[in-house]
Amino acid sequence: MRCEFDSTTGVATLVMQMEGRANKINPTFGEQLNRILDEALASPGLKGILLTSGHKDFCVGADLDFVYRVRDPKAVYEAVGQLNALYRKLETCGKPVVALLTGSALGGGYELALACHRRLALNRPDIQIGLPEVSLGVIPGAGGTQRLPRLIGIQAALMLIAEGKMVRATAAVGQGLLDAVYDTPEALHAAALEYITQSPSAKQPWDRPDFKYPGMHQPDTLDFRQLFAVGGAMLTKRTAGVYAAPEAAISAVYEGTGLTFDAALQVEARYFAARATSDQAKDMIRTFWFHKNAVEKQEGLPRVDESGYRKIGILGAGMMGAGLAFVCAQRGFEVVLKDIRQEALDKAVAHIDEQIAKRAKHASAEERAAIKARIRPTLAIADLAPCDLIIEAVIEDIAIKHAVTREVAAVLGPNAHWASNTSAIPMNDLSPAWRDGRTFIGLHYFSPVEQMPLVEIIVGKDTSDDTLARALAFSREIKKTAIVVNDGYGFYTTRVFSAYIMEAAQLVAQGHDPALVEYAARRAGMVVSPLKVFDEVTLTLAMHAIGTRDKWETQKGTPSGVLEWPGFKLVRALVEQGRTGKAAGAGFYDYTAKPRRLWSGLRALAGGPPPRTGFEYIQQRLMLSQCLEAARCLEEGILRDKRDAEIGAIFGLGFAPNSGGPLAWLDRFGARRAVHLLDDLERELGPRYTAPALLRQMAEKHETFFERI
Amino acid sequence: MANAAYIYDAVRTPRGRGKSSGSLYTVKAVDLLATSLRALMARNGLSESAKSALVDDVSIGCVTQTGEQGACIGRSGVLLADLDESVPAVTLNRFCGSGLEAVNEAAAKVAAGFAELTIGGGVESMSRVAMGSDGGALWDPTFEWRYGTVPQGISADLLATLGGFTRDDVDQFALQSQRKAAAAWERGEFARAVVPVLDMNGVTVLARDEYLRPDTTIESLGKLKAAFEAMGDQFGLDDLARKRYPHVENIRHIHTAGNSSGIVDGSAALLLGNEAIGKSLGLTPRARIRAAVSTGGEPVLMLAEPVSATRKALKKAGMTIGDIDLFEVNEAFAAVPLYFAQQLGVDLDKINVNGGAIALGHPLGATGAMLLGTVLDALERRNLSTGLVTLCIGGGMGIATIIERV
């Protein structure tokens, strides 16, 4: 870091440039910033200070290695105390300080900008501003919960902080997060100098004696109290009260408003220390920072710079096919969308038009037209000839997939690759219909594909590293987050998903209260409750999938007896009555009136009463059944890396994000406790709950999946 | 008990609509209180200094203790009502139960032998001092998340859902409250207790409860919107409650402005003392306090406590539910007395015989004292013996007092 003083203008430019590629806040950062600040303040004829970055980003926040590991709240409190003292020094030094954002300022980095008297940025779409700490299980810890409300008003600040929203620089000005944006670095710089030459008061609003909160909510009024009552309730509605960080952030804002500024910072520091040293923060940082970064960088995986695919052929114009066509076209690929029925193609085109209107809102009319023009819907197989990647998304039936594969293979060029979007059928069962196992791969996307970021890439026994590398490149090109798994029925995500919804059906069939089943899932952090999602995927689809699986298992000689499960029989009984799910207006729920209600007829179809029940018991069964599948997939080698277990479950299935993922959940629950409970359940309910040897071993040796933090 | 505690008299002001258009909006809360205190002294020959000085203590309930209801309005009211300056006072807050709490405490001092003559009452000007404007620890979001405290309307709808009451059930109850209140005024049920509020020139400001709507019909009630649906549904308040009641899939929102208590202004005061002081002053005791209890329960549901408070009071008094002739169960929301009747097996005909807060209004700090006076008058007019007054209280508390005519 350095200080560059221009004696003609009296302006000192502080350039933050830590070792490495980003400015991360840690004790060294504080020391260096303090040093160059002192240098500036000692400069004769100093008029003002510019704070800039020598890296791409302005400052991206705390060094998460420290936050991840620290368990001593006192140490955290002291560390943020020092950082706060530095930021206070900056904003009370008596000279105007301007933050020049030529890159993103997030978390502690934006808090640094807040401690400046003016915030100016470049008008670039990749520059992001915000306080996203809650998404990692912590809260802003360098004054964000106290400066932002005093700057833009209590309500506006609450919403941004509690949701951890990131805002583009261009939008940030309208919300008061930045003062202005400029199109060029020169204009930016000139504006900063102009500001300083006007000799503005170098006092923050909150350091002035006449300070008043902007906005309609003033502290200690009925409006103010109701804002927090409603805000607190809406958080509970959104998250079932599972996340401690947004609650802590809201409390820090609430409690700080009545206090002097420096005392308010102490309150924030306590809440920050409590959150940073909590299990939930550790688990969320591990997954959403470390695992997610590694997955997005595709660390340890074969790499090529480009997929080399130009023309994508999509077979099957259902929701998935149509969605995929849009996604690929949006990212510049030519697409041939093939189906056997014109009706399906027409519906797909209508869907694509809708998506273009919705998701390419900011694009120009020309760009939107170009996306549309890249997609060619067709009934003719011959139109697929120029495709270099086929994504097969036809009905989940081996015979049909085989037939389609052979038919299309016949028209393709010699270098074409084949990908199946099957959600469960093993590559090894599908690839024999293709010419070469080395160029056969699974690309399992999630619905709605325009929104769900995950792709589960399945590697068959013969799939080459080159094919995998190109599939990974393709994922980057269409902006999907890829996990890579080995072959096996249901791969990873479908196994976990089926375990979840079937466990719920089992519980209901065994006589447990369906309302408790649904709520227990939400209180564990599951994004969607199981019977609700069951209705959404439809019971018919689930039955079909279970039937296919049973056939496959029987053929291989490893039947799981799923057709005998009370849960399956319940699903079948509902289907027989026409209660096939949300689309039919009736499933586990009744959709005839708002809000939906669990069908009162479920009780009559259920057995019971079960020998034991209760909120905790139900919750443990719902979560353990999923985690059990994750552990099995790891043991069986389906999962190649533990990070994929976590990322796949969370981003593909809405597994409790607060827990960090199924393996982290098991670590917190304890392998020993899990095995004990599974043994009980096995005795009570059969081999579905048999603890895998891996887990038993871990229980004996007191091991965890991840490092104990 | 060392001494029996007797009620010698009970007065109240009429209840004014608790809005800027209400008749008592221009009447300061302290004046409202002084009206009841002055009348209580006058009716019992205690207006002279030497006589009022015999009052050992005054307990006044008041909930929103801020602004002009801040500090100790009880003492201000005592001075303004020209009681001797040697008469102390305390202002207390047990939310909606404050008025009854004040009477209970005043009676307890007599029963304990610590005082001979006391006053218990309450005051609330909801038009001048808005509910909730006093703040409190319970508004802290950490409290909300920890205890799930929700607005009482949500609790009422939850109570109704748990009790199986329908919109029609609560509307029918509301209709009856209106009819009973209107009939009670016609019959002069309130003539003894109600003292008019006068202005500084002696002109009557209000002489009758004005919140009633005697022309209420089941149709007019049916048109009203469920008052707590939006906040429950969209603002997530139902989700707060669900943490404590996980098996309740949906709260059925059925309470409206028409079947919930009215926001009003008013005050009340009761004269309490032991047997000896009554004799020495030539006053005839009207009833004896048999039991005075408070309870606490689950704070989210909040409104079920009249049931536990009643059970506790009966136990303390060595009585059974069948021994009670008349009940006053505060109509905070229609589900409250309905649930009470359901749980204790009490005939609705014995409850709130002269209407209740749905028709008359609920001046928070005063209601409990008003209800005690109401049941006393009703017992006398019907020549019945025992009465029980109970109210549900914010934060999940309950209060109950049993009286027996003498």
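Contact here means heavy atoms within 4.5 Å. The views below come from a predicted model.

**View 1. Helix α10 of chain B packs against elements of both chains.** This helix covers residues 237-244. Its buried residues are L237(B), D238(B), L240(B), A241(B) and R242(B). From chain A, α9 (222-239) and α20 (514-524) pack against them. From chain B, the partners are α5 (141-147), α6 (152-163) and α9 (229-233).

**View 2. The interface of chain A and chain B.** The two chains bury about 2,300 Å² between them. Carbon and sulfur atoms account for 60% of that area. R225(A), K237(A) and Y519(A) supply 24% of the area that chain A buries against chain B, more than any other three residues. Chain A brings 29 residues to the contact, and chain B brings 24 residues. Seven residue pairs are in polar contact across the interface. The count of salt bridges between the chains is zero.

**View 3. The side of chain A that touches chain B.** Four elements of chain A each supply at least two residues here: α9, α10 (244-257), α20 and β19 (597-598). The largest share, 12 residues, comes from α9(A). By class, this side has 17 nonpolar, four polar and eight charged residues.

**View 4. Helix α3 of chain A and its surroundings.** Helix α3(A) runs over residues 73-91 and has 19 residues. From first C-alpha to last it reaches 27 Å, close to the 27 Å expected at 1.5 Å a residue. At its start, a side-chain oxygen of D72(A) comes to within 3.0 Å of the backbone nitrogen of K74(A). The buried residues of α3(A) include V76(A), V80(A), L83(A), L86(A), Y87(A) and L90(A). N84(A), R88(A) and E91(A) are buried as well. Residues three or four places apart in an α-helix point the same way, because there are 3.6 residues a turn. Helices among the elements covering the buried residues of α3(A) are α1 (27-41), α4 (108-114), α5 (144-152) and α11 (261-276) of chain A. Strands β3 (48-53) and β4 (97-101) of chain A also belong to this cover.

**View 5. D644(A), a buried residue in helix α26 of chain A.** The helix spans residues 642-653. D644(A) counts as buried because its relative accessibility is 4%, and the cut-off is under 20%. Leaving aside neighbours within four places in sequence, D644(A) is in contact with V295(A), I483(A), V484(A), Y492(A), L639(A) and A649(A).

Terms used: Residues numbered from 1 in each chain as written. Chains lettered and ligands numbered in written order. Predicted model: local features only at pLDDT ≥ 70, side-chain atom pairs only at ≥ 80, totals over all residues. Heavy atoms only, no water. Buried < 20%, exposed > 50% of the residue type's maximum accessible area, 1.4 Å probe, protein only. Buried area = accessible area lost by both parts, 1.4 Å probe. Salt bridge = Lys/Arg side-chain N within 4 Å of Asp/Glu carboxyl O. Polar contact = N/O pair within 3.5 Å; in protein donor to acceptor, adjacent residues only side chain to side chain. Nonpolar A, V, L, I, M, F, W, Y, C, P; charged D, E, K, R; others polar. Expected span 1.5 Å × (residues − 1).
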